[in-house]
Amino acid sequence: SGSGKTETLKRIGKEIAEHAIPVIVLDFHGDVSFPGVNTVLLSSGSFSTIGINPLELDCHDDGFVGLYEQRAIFLEMLQRVVRLGHKQKSVLNEVIHECYREFGIHDEYPETWGNTPPTLTNVLSMLHHRASDKGVLANDRNVITGCISAVRSVLGHPIFQRRNYVSTDDILRGNLRIDLSKINSEGVRHIVAETLLWKIFRVLKLQGKIP
């Protein structure tokens with residue numbers, strides 16, 4: 001603290017932006033701002049209308065990354081912020097797969113991958129539905145309820161309910177600061193940041209080598 005990290009980042013960002021190279025700032029603490037960067041606030045409050053969906057399949061990359069990889073990427077991301085047992089992870093993977101199918105998105109039909117995807121709130125709702133199903137065996141119900149307890153605070157965050165998303169086109173078009181400082185959950189902040197970085201990485205990778 002006080003060593004000048006923030007001021008250094010601000011100066012680096014400002015000078016890169018002045019060379020017409022787009023800059024994205026993932027601002028966890030709300031203090032990395034500089035001239036020429038536009039700010040988008042992500043929070044659960046009414047001042048924020050933008051959300052993000054980790055289940056959204058990047059249509060730019062559908063020739064390389066399908067639903068299977070998308071689920072795997074999200075589950076790995078989630079496991080870095082919540083503790084999931086092997087059986088809980090398996091149940092969550094099944095539920096995400098089922099949610100995609102309910103929204104008309106199927107692994108075997110790439111032409112459906114551009115359809116409106118489910119949100120993490122839809123996934124949480126389906127977990128609750130499974131837990132309340134009287135036909136589910138007691139042991140399986142315990143796994144499901146344990147999964148709900150582990151992921152509820154993350155998956156139920158309002159930021160994952162919205163349908164107006166930060167797009168990679170917006171990020172690559174200019175200088176953008178994503179203000180995450182009003183999100184109290186560290187796990188949610190990390191999932192938002194990692195989701196955005198994955199999207200940017202995939203889009204830039206498909207553009208090939210820099211001429």
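## A buried charged pair

Asp27 and Arg177 are both buried, where buried means under 20% relative accessible area, exposed over 50%, and partly exposed in between, using a 1.4 Å probe and protein chains only. This is a predicted model, in which local features need pLDDT of at least 70 and side-chain atom pairs count only at pLDDT 80 or more, while totals for chains, interfaces and linings use all residues. Residues are numbered from 1 along each chain as its sequence is written, and side-chain values use heavy atoms, with hydrogens and water left out.

The side chains of Asp27 and Arg177 meet in a salt bridge, at 2.9 Å from N to O; the term stands for a side-chain nitrogen of Lys or Arg within 4 Å of a carboxyl oxygen of Asp or Glu. This pair links distant parts of the chain, with Asp27 in strand β1 and Arg177 in strand β3, 150 residues apart. Helices (H or I, at least four residues) and strands (E, at least two) are DSSP runs, numbered from the N terminus. Asp179 also takes part here, in a network of salt bridges with Asp27 and Arg177.

## Other salt bridges

The structure holds 10 salt bridges. Let's look at Arg130 and Glu94, whose closest N and O atoms are 3.3 Å apart. Arg130 is partly exposed at 22% relative accessible area, and Glu94 is partly exposed at 40%.

Glu7 and Lys10 give a local example, with their side chains meeting in a salt bridge at 3.3 Å, N to O. The two residues are 3 apart in helix α1, which means that about one helical turn separates them. An α-helix has 3.6 residues a turn, so residues three or four places apart point the same way. Glu7 is partly exposed, with a relative accessible area of 46%.

Together with Ile16 and Ile21, Ile12 makes a nonpolar surface patch of about 250 Å². Patches are made of residues with over 30% relative accessible area and no salt bridge, joining like charges within 9 Å and nonpolar side chains (Val, Leu, Ile, Met, Phe, Trp, Tyr) within 5 Å. The areas come from the Shrake-Rupley method with a 1.4 Å probe, and for residues only the protein chains shown count as cover.

## The nonpolar cores

Now to the interior. A nonpolar core is a set of buried Ala, Val, Leu, Ile, Met, Phe, Trp, Tyr and Cys residues joined through side-chain atoms within 4.5 Å. The largest one has 51 residues, of which Leu42, Leu78, Leu92, Leu127, Val151 and Leu155 touch the most other members. Two or more residues of this core come from each of α2, α3, α4, α5, β3 and α7, and α5 supplies the largest share, 8 residues.

Leu155 is in contact (heavy atoms within 4.5 Å) with Phe74, Leu78, Leu92, Leu120, Thr121, Val123, Leu124 and Phe160, leaving aside neighbours within four places in sequence. There is also a second, separate core of 6 residues, including Ala17, Val32, Phe34 and Val37.

Helix α2 (residues 67-79) has 13 residues and should span 18 Å at 1.5 Å a residue, which agrees with the 18 Å between its end C-alpha atoms. The expected span is 1.5 Å times one less than the number of residues. Among the buried residues of α2 are Leu67, Phe74 and Leu78, and the cover over its buried residues includes α3 (86-102), α4 (120-132), α5 (138-155) and α7 (186-206).

Helix α7 has 21 residues and reaches 31 Å from its first C-alpha to its last, close to the 30 Å expected. Its buried residues, including Ile191, Leu196 and Val203, pack against β1 (24-27), α2, α5, α6 (168-173) and β3 (176-179). Just after α7, Gly208 takes a positive phi of about 80°.

## Two buried loop residues

His106 lies in the loop between α3 and α4 and counts as buried at 18% relative accessibility. Beyond its neighbours within four places in sequence, His106 is in contact with Leu67, Arg101, Thr112 and Trp113.

Ser48 sits in the loop between β2 (38-41) and α2, and is buried with a relative accessible area of 4%. With neighbours within four places in sequence left aside, Ser48 is in contact with Leu41, Leu42, Ser43 and Arg162.
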